[in-house]
Amino acid sequence: MPDLGQGDRAPRVLLVDDDPVNLLLTAAALRDRGFSVSEAEGGLAALRQLADWLPDVIVLDAMMPGIDGFETCRELRELPGFELMPVLMLTGLEDEGSIEQAFEAGATDFFVKSHQWTLLAARLHYLLRSARVQMELLRSQARLSRAQDLARMRSFEWRDGQGLVLEPEALRVLGRSHAGALSPVEVLHLVVPAQRRPMLARLREAVRQACMIDCDVAIRGERVLHVEAEPQFDEQGRLAGYGGILQDVTERRQAEDKIRVLANFDSLTQLPNRHQLIWRAGKALESAQRLGHTFALLLIDLDRFKTINDTLGHARGDDLLVEIGRRLRSCVHHCDQILDPGIDSATLRSHRALEAVGRLGGDEFVALLPEVADEAQAVAGADAMLQALREPVVLAGREYFVTASIGVGLYPRDGVSVVDLLRNADMAMYAAKADGRNARHVFHPDLVGRGREKLEIETALHKALERGELVLHYQPQVDVIDGRVRAVEALMRWRRDGGGLVQPADFIPVAEETGLIVPMSEWAIGEAARQIAAWRDHHGIELVVAVNLPSRAFERFDLVEQVREAAQSAGLPARALQLEITETGLMRNLDQVIPVLHRLTQAGIEIAIDDFGTGYSSLAYLTQLPIRELKIDRSFVCHLGEREQSTAVVTAVVALARSLRLRVVAEGVETDLQEQVLRGLGCDTLQGRRFAHPMPADEVVRWLRRRAGRGV
């Protein structure tokens with residue numbers, strides 16, 4: 001193609017003539033008028049020159065020996081890139097036959113040979129301008145065609161009595177190969193059957209009102225077309241037809257459907273997500289309100305899901321959630337009155353969109369029972385779910401047992417909005433967990449007070465850490481053989497708002513649930529270390545202090561450094577601090593806990609297992625743990641001498657400890673009988689109100705001195 005955007009350079013002209021004199025004169029005249037001229041004597045020379053050079057315009061003499069101008073023009077038009085090259089044919093003839101022959105050969109224009117060089121130059125400039133305009137038009141058409149290709153958009157026209165006339169590309173959009181107008185019947189047959197009648201009604205209404213058409217149409221082959229058309233009128237203002245575009249929007253619609261699915265369904269379980277659940281719950285509530293029946297919302301939370309997730313990995317945890325979703329779904333009937341009209345039916349079917357069970361997030365699910373007769377029917381639904389979950393789940397070839405806690409809220413009794421029902425079902429679910437898990441609990445107004453009290457305790461505990469309201473009380477541990485006190489257990493108390501003491505049972509569970517137990521335990525370790533140093537420096541008393549450590553504290557990567565630093569800051573050897581972890585807390589996260597226990601032991605810190613016998617530890621694990629002491633839970637001690645089972649358990653624990661060379665401490669010793677039995681069974685150390693209540697640090701000193709004064 002010629003370079004028609006020459007900028008400031010002179011236009012390049014190829015001048016072809018077999019007469020050297022004419023060639024010389026014409027070339028000189030054009031150069032004088034600003035053209036850059038290359039000369040060729042004859043048609044063959046011109047064609048050879050064009051093989052590796054591209055002018056802006058060609059001036060070609062018509063009458064030449066050998067290959068004349070007409071043949072030369074025909075041949076150069078066959079060359080690639082010369083289809084639109086401006087060609088001016090110079091002819092000495094002014095008859096119509098020569099002119100017609102020039103145009104048939106492919107000439108752009110003709111000029112009668114003369115010495116009117118100014119007119120020739122003007123004609124060449126005109127040709128160049130026309131060529132530039134044509135080139136821009138072609139480029140614009142190419143850009144439009146490219147844009148239409150990218151948008152899958154093609155034009156059409158409909159004329160009354162002529163049918164639908166489409167350009168070839170538009171025919172391909174419709175899946176048609178042959179050209180020609182399509183009749184209205186043919187057009188309707190392209191539309192899927194379900195949309196034909198509505199489409200025909202829409203077209204008739206548009207024609208009746210002579211208004212614009214703008215709609216999406218599903219056609220055969222599972223494709224969707226967007227149609228836009230404007231009415232066209234004749235000279236008398238009457239509707240003559242429509243002109244517009246067709247656009248294939250199948251991929252866009254599929255993408256929109258996919259986005260809609262992602263926005264409304266959980267990608268893991270394929271169940272409705274939080275957004276969709278709340279929408280459906282609202283629809284179910286509206287239906288219950290309109291028809292005057294009861295609607296139940298069940299909040300289901302898996303018990304100890306974090307343990308499985310942390311132990312087996314997130315992939316197995318995901319498998320578990322999928323299976324739980326499947327089981328819950330099987331317990332609840334489909335509910336078509338909460339169908340989302342914004343999602344097409346195929347998508348709904350593929351994503352079980354009629355389900356009344358959804359995933360709220362994490363390990364929480366929600367079940368909607370849009371129409372229940374009474375509370376008993378809702379409870380029966382919850383019980384069916386608990387029963388379905390009790391069957392073992394196979395993960396990585398092994399069976400695991402998973403339970404759930406379910407909270408039940410009923411409309412309108414327990415709330416008149418979705419937010420109220422969710423909040424109250426959540427409180428009921430936590431009540432089920434407090435009842436021991438693997439249970440369901442129906443909301444009761446009393447739970448509101450408990451929830452509010454729990455929130456107040458959590459808020460106050462945050463402030464307690466800041467205000468220094470936490471204190472430690474200490475309970476001595478007495479050696480069975482010589483009666484000496486070598487260690488005390490630090491027990492946390494809370495002097496709330498400067499008033500009386502809050503007992504651990506009233507705030508420790510909240511601290512554990514909220515995670516506040518971790519910073520509280522950090523404070524306890526530091527405070528215990530400070531107190532040991534104070535007893536030593538001011539009273540010459542050497543004691544080991546045992547501090548309870550929650551399992552969540554082992555999630556800290558710097559736990560060992562923190563304990564070591566607490567001892568060093570107080571100027572103590574690491575052995576002055578002993579850490580107690582419950583058997584249940586130990587087994588909950590064993591793989592993570594064991595390496596930390598070894599590092600603590602290497603640092604010189606002794607480890608004791610608290611509440612031994614109440615958990616579910618494997619004896620095989622006990623041989624791997626770097627522990628120094630077992631503490632028998634008070635629940636076994638309190639019935640010693642009264643129940644044979646308690647004596648048997650304590651006997652077994654003492655024997656186990658002896659075989660593993662561990663010390664045994666019995667907690668909760670309150671009577672002479674309990675002390676005597678424990679001594680007889682060979683227990684090493686006793687702790688309980690039989691000897692001393694938990695007491696403040698200064699009372700420990702006085703108690704020890706009184707005991708020493710009695711020679712104990």
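Reply: In this predicted model, helix 18 and helix 19 pass each other in a right-handed crossing. Helix 18 covers residues 517-539 and helix 19 covers residues 559-569; their axes come within 8 Å and cross at roughly 25°. Angles under 35 degrees count as roughly parallel, so helix 18 is roughly parallel to helix 19. On the helix 18 side the contact involves Glu522, Ile525, Gly526 and Ala529, and these meet Gln562, Val563, Ala566 and Ala567 of helix 19. Sorted by class, the contact of helix 18 with helix 19 has five nonpolar residues, two polar ones and one charged one.

A second helix pair can be described in the same terms. Two packed helices are described by the angle between their axes and by the distance between those axes. For helix 11 (residues 305-312) and helix 12 (residues 314-331), the axes come within 6 Å and the crossing angle is roughly 140°. Angles over 145 degrees would count as roughly antiparallel; helix 11 and helix 12 are therefore classed as oblique to each other. From helix 11, Phe305, Ile308, Asn309 and Leu312 take part, and they meet His314, Arg316, Gly317, Leu320 and Leu321 in helix 12. The contact of helix 11 with helix 12 divides into five nonpolar, three polar and one charged residues.

Next, the aromatic side chains. The count of aromatic pairs comes to three. One of them joins phenylalanine 103 and phenylalanine 110, edge-to-face, with 6.2 Å from centre to centre and 85° between the planes. Phenylalanine 103 has a relative accessible area of 40% and is partly exposed; phenylalanine 110, at 22%, also counts as partly exposed. Another pair is formed by tryptophan 494 and phenylalanine 507, whose ring centres are 5.6 Å apart and whose planes stand at 75°, so this pair is edge-to-face. Tryptophan 494 belongs to strand 19 (residues 485-495) and phenylalanine 507 to helix 17 (residues 504-514), so the pair ties together parts that are 13 residues apart in sequence. Tryptophan 494 is buried at 1% relative accessibility, and phenylalanine 507 is buried at 0%.

The backbone has some features to check as well. Most residues other than glycine have a negative phi, and most peptide bonds are trans. The peptide bond from tyrosine 411 to proline 412 is cis, with omega near 5°. Proline 412 sits in the loop between strand 16 (404-411) and helix 15 (418-434).

Valine 416 is found in that loop between strand 16 and helix 15. Its relative accessibility is 57%, and valine 416 therefore counts as exposed. Setting aside neighbours within four places in sequence, valine 416 is in contact with Leu285 and Tyr411.

Glutamine 270 is not a glycine, yet its phi is positive, about 65°. Glutamine 270 is placed in the loop between helix 9 (250-264) and helix 10 (274-291), and with a relative accessible area of 32% it is partly exposed. For arginine 661, phi is near 60°, again a positive value in a residue other than glycine. The loop that holds arginine 661 runs between helix 24 (644-660) and strand 25 (663-666). Arginine 661 has a relative accessible area of 75% and is exposed.

With a relative accessible area of 4%, cysteine 683 is buried. Not counting residues up to four places away in sequence, cysteine 683 touches Val480, Val664, Val665, Ala666 and Leu678. Cysteine 683 and threonine 651 are 32 residues apart in sequence, and their C-alpha atoms are 9.0 Å apart in space.

Definitions and conventions:
Residues are numbered from 1 along each chain as its sequence is written. This is a predicted model: local features need pLDDT of at least 70, side-chain atom pairs count only at pLDDT 80 or more; totals for chains, interfaces and linings use all residues. Side-chain values use heavy atoms; hydrogens and water are left out. Axes are lines fitted to C-alpha atoms, for helices over the stretch in contact, and angles run from 0 to 180 degrees between N-to-C directions. Helices (H or I, at least four residues) and strands (E, at least two) are DSSP runs, numbered from the N terminus. Angles under 35 degrees count as roughly parallel, over 145 as roughly antiparallel, 65 to 115 as roughly perpendicular and the rest as oblique. A crossing is left-handed if the near helix is turned anticlockwise from the far one by less than a right angle, and right-handed if clockwise. Contact means heavy atoms within 4.5 Å. Ala, Val, Leu, Ile, Met, Phe, Trp, Tyr, Cys and Pro count as nonpolar, Asp, Glu, Lys and Arg as charged, and the others, Gly among them, as polar. Rings of Phe, Tyr and Trp (its six-membered ring) pair if their centres lie within 6.5 Å; planes under 30 degrees apart count as stacked, over 60 as edge-to-face and the rest as tilted. Buried means under 20% relative accessible area, exposed over 50%, partly exposed in between (1.4 Å probe, protein chains only).
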